[in-house]
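Have a look at it before you read on.

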Amino acid sequence: MSDLNLSLAALFVASVVSLLVTPGPVTLLVVRAGLAGGMRHALQTIAGTNAASLVLIGVSVLLIQGLLVLDDGVLLGVRLLGCGYIVWMAWGMVHEARQRPSPHGSDSVPVPARAGFVRGFVLGLSNPKDIIFFASFLPQFIGVLPTPGHSLVVLTGLWIVLDFGTLGLLAWLLRSLVRPGAQRQLLRGASLLLLLIGVGGGLHALYALAQRF
């Protein structure tokens, strides 16, 4: 690792952390899983979203190397389906967040039965814009090592560590520092924001699809 470009690697770390803490579907889902079901559910969700991101990184590498070509119309169609899934999932979250507190008088949030790896994985794959993001993002840091293949291995490894570390820490901090009553309000807010992201993304995809005809 003596040939590692430390300044470029540090820039990659800062960029990824900034991306992960910015409110988006994945971050909101992980935060909600931590508030609703505890750290076990949060880590299961992170594992799912991380696995999805590895799939997208793999597709992006194929695009970078010219081994795969994706039609814009296909991407828009998949994006529309993904946004539909986000809306469906977020609507269920809103309903769960509106449930009354337990009969024992606790303000704790009921654990959603659908939280975990599968939901995280499907959500992570639901936005094909991430394929384009990785395809344009990774080449900027391909020089962390002299060999592109080794660089991709290092960048992917850093992504896995940063993804688990940043999202896990965020979920733990919110669950530990926010009072139970405020957790319920935060849970509702995260669910509504995720719903708005899904609706907004779907409308944008419909507009882009209409422009093609």
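This is a predicted model: local features need pLDDT of at least 70, side-chain atom pairs count only at pLDDT 80 or more; totals for chains, interfaces and linings use all residues.

A pair of aromatic rings is described by the distance of the centres and the angle of the planes. This structure has six aromatic pairs. Two of them are set out here.

| Pair | Distance of centres | Angle of planes | Kind |
|---|---|---|---|
| Phe 12 and Phe 141 | 5.2 Å | 70 degrees | edge-to-face |
| Phe 134 and Trp 159 | 5.2 Å | 80 degrees | edge-to-face |

Why is the pair of Phe 12 and Phe 141 called edge-to-face? Their planes sit at 70 degrees, and the cut-off for that label is over 60. Now for where these rings sit. Phe 12 belongs to helix α1 (residues 6-21), while Phe 141 is in the loop between α6 (129-137) and α7 (148-177), so this pair ties together parts that are 129 residues apart in sequence. Both Phe 12 and Phe 141 are buried.

In the other pair, Phe 134 comes from helix α6 and Trp 159 from helix α7, which links distant parts of the chain, 25 residues apart. Are these two buried or exposed? Phe 134 has a relative accessible area of 4%, so it is buried. Trp 159 is buried too, at 6%.

There's also a cluster: ring pairs join Phe 12, Phe 137 and Phe 141.

**The nonpolar core**

Phe 12 and Phe 141 turn up again in the largest nonpolar core, which has 22 residues. Along with Val 16 and Leu 138, they are the ones with the most contacts inside it. Helices α1, α3, α6 and α7 each give two or more residues to this core, and α7 gives the most, with six.

**A look at helix α3**

Helix α3 (residues 39-64) has 26 residues. From its first C-alpha to its last, α3 reaches 36 Å, close to the 38 Å expected at 1.5 Å a residue. After α3 comes Gly 66, whose phi is positive, near 75 degrees.

**The largest pocket**

How much space lies in the largest pocket? About 630 Å³. Its lining is made up of 29 residues, and those nearest its centre are Gly 24, Pro 25, Val 26, Asn 127 and Asp 130. Sorted by class, the lining has 15 nonpolar, ten polar and four charged residues. Helices α1, α2 (25-37), α3, α4 (72-97), α5 (117-125), α6, α7 and α8 (180-211) each supply at least two residues of that lining.

Definitions and conventions: Residues are numbered from 1 along each chain as its sequence is written. Side-chain values use heavy atoms; hydrogens and water are left out. Rings of Phe, Tyr and Trp (its six-membered ring) pair if their centres lie within 6.5 Å; planes under 30 degrees apart count as stacked, over 60 as edge-to-face and the rest as tilted. Helices (H or I, at least four residues) and strands (E, at least two) are DSSP runs, numbered from the N terminus. Buried means under 20% relative accessible area, exposed over 50%, partly exposed in between (1.4 Å probe, protein chains only). The expected span of a helix is 1.5 Å times one less than its number of residues. On a 1 Å grid over the protein atoms alone, a cavity is a set of points where a 1.4 Å probe fits but cannot get out, and a pocket is an open set with protein on both sides within 12 Å along at least five of seven lines; lining residues have an atom within 4 Å of a point. Grid points are joined across faces, edges and corners, and a volume is the space filled by probe spheres set on the points. Ala, Val, Leu, Ile, Met, Phe, Trp, Tyr, Cys and Pro count as nonpolar, Asp, Glu, Lys and Arg as charged, and the others, Gly among them, as polar. A nonpolar core is a set of buried Ala, Val, Leu, Ile, Met, Phe, Trp, Tyr and Cys residues joined through side-chain atoms within 4.5 Å.
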